[in-house]
Amino acid sequence: MRVSILGCGHVGLVTGACLAEVGHEVMCTDNDRAKLGVLEQGGLPFYEPGLAGIVDRNLRVQRLSFTRNLGEAVRFGDVIFICVGTPPLRNGDADLAALDAAAKLIVTESQTSKLVVEKSTVPAQTGQRLRQALAVYARQSTLRSSFRVASNPEFLREGTAVFDSLHPERIVIGVQDETAELQLRGIYSPILEQSFSCPIHDPACPPTPPPVLLVTDINSSELIKHACNTFLALKISYANLIADICEKTGANVDQVIEAMGLDPRIGPAFLRPGLGFGGFCLPKDIQAFLRLGERAGIDVSLLHAVENINRRRVESLMQKLHQALWVIQHKCIAVLGLSFKPDTDDIRFAPALDLIRQILDAGGEVRAYDPQAIEKAKAELPTVTYCESAYQAAQGAEALIIATEWEQFRQLDWALMRETMGRPLILDGRNFLQANTMRTLGFEYYGVGRPLEEPAREAIA
Ligand code: UGA
């Protein structure tokens, strides 16, 4: 099938590349010329494991293409996926201006009928507004194409986006007519049947089960996405609440969470306490969902609590830093990890950046290292000293903070790290390191919700 993708961000680019990979003809565009420039030269505008190979292969076999000509992109596909950004407005609402602009573009440029699919995360009832907008713009246009609207939320995670797109556990399509359903079933049939040869699958891994296809109305489909992301945020804030209680009572959050996760009704995922959730999805989606609920007159205090707990995570680590260092001013602090989570260079709403801002405000100096996100962070925080390795960042530091749990930090020679540091003090904002191991190596170690030292076990007589 011929598919157009409007917007080459994380969702658009990964969706476009993966749909090409499973056999469709895909043309992508974006109104950010710099981003398209990078793509046309064979680069990627962001770091995402496994994506470069897929983009490259599908460009070569000409199933994937990029164009600066927005009209050409609109005319190319029978199905157009809108993957534009929906950033938060000041009041927390999703800014739908780019979606509206896409609707206008589609009407102005289409010469045949199109299925317009919302892939961007949008509040419930956006599909209705989109349909109205398409109809209004169509009345103003001399061209006479017809448009159908569908919703198809994306559940991919940054860092594992390619795997998530090719092996999703569910595909949700919100439709109001049979033709739209058939078209979307057609697009997703290779993924539903897992009938393609997976470019990233390790042959040693068992095949993933085929995804469940859920066909819903458009409002429900839109709401599913917000409900999922908000629930994930809720789980994280709950784990952080438990961690705080553990800290005050001398309990160990690792043990508490492990036991909770073994209950299949709870599950272990998204219960890792620490600096809290960041990124461009969870924080903005919970806000947009809150606004939707408030406007509908629903009591959304539960969601406010989730946000408030998250907002206090960086503050809480800063208190520990103050407690340990007494005075932060003129002290050098190493920060490992800048991206909002590992395996991405995305720093949007990254807790690490918030933390660094607060250290700088307190008069501290920061030496930072991240395997991928330094270039992006430089633009946001120019006064930080960016280092080429974790060892360099640790040199002379009076404290070291793990802000993002990149796997490679586990492999560091921590004995050597201790030698290079001015004071062997670790604040582990992600409970990433083994407390005992670090203490045995001579570090003063503070995690989140972990006891200050291992309680001595009484011997059984
Ligand atoms: C999230 C959702 O997980 C995806 O399903 C969704 O498709 C995507 O948003 C989206 O809306 O596009 P993502 O933003 O890539 O994906 O990141 P997550 O893996 O959800 O992590 C979000 C934040 O929560 C990170 O800062 C991470 O460090 C934090 N986190 C996650 C915790 O603090 N504890 C946990 O247990 C898990």
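**Values against definitions**

Trainee: Why is His226 called buried?
Mentor: His226 has a relative accessible area of 2%, and buried means under 20%, with exposed over 50% and partly exposed in between (1.4 Å probe, protein chains only), so His226 counts as buried. This is a predicted model, in which local features need pLDDT of at least 70 and side-chain atom pairs count only at pLDDT 80 or more, while totals for chains, interfaces and linings use all residues. Residues are numbered from 1 along each chain as its sequence is written, and side-chain values use heavy atoms, with hydrogens and water left out.

Trainee: Where does His226 lie, and what is in contact with it?
Mentor: His226 lies in helix α9, residues 218-249, where helices are DSSP runs of H or I with at least four residues, strands are runs of E with at least two, and both are numbered from the N terminus. Leaving aside neighbours within four places in sequence, His226 is in contact (heavy atoms within 4.5 Å) with Thr121, Val122, Pro123, Asp285, Ala288 and Phe289.

Trainee: What makes Tyr137 buried or exposed?
Mentor: Its relative accessibility is 14%, and Tyr137 therefore counts as buried. Tyr137 belongs to helix α6, residues 126-140, and touches Asp100, Ala103, Lys104 and Val107, not counting residues up to four places away in sequence.

Trainee: How do you know whether the radius of gyration agrees with that of a compact globule?
Mentor: The radius is taken over C-alpha atoms, and the globule rule is 2.2 Å times the number of residues to the power 0.38. With 461 residues a compact globule would be near 23 Å, and the chain has 24 Å, so the two agree. Along its principal axes, the C-alpha trace spans about 80 × 45 × 45 Å, and buried residues make up 52% of the 461.

Trainee: What makes a set of residues a nonpolar core, and which residues have the most contacts inside the largest one?
Mentor: A nonpolar core is a set of buried Ala, Val, Leu, Ile, Met, Phe, Trp, Tyr and Cys residues joined through side-chain atoms within 4.5 Å. The largest has 56 residues, and Leu321, Leu336, Ile359 and Trp414 have the most contacts inside it. Helix α12, residues 301-325, gives the most to this core, with six residues. Apart from it lies another core of 41 residues, among them Ile5, Cys8, Phe81 and Val175.
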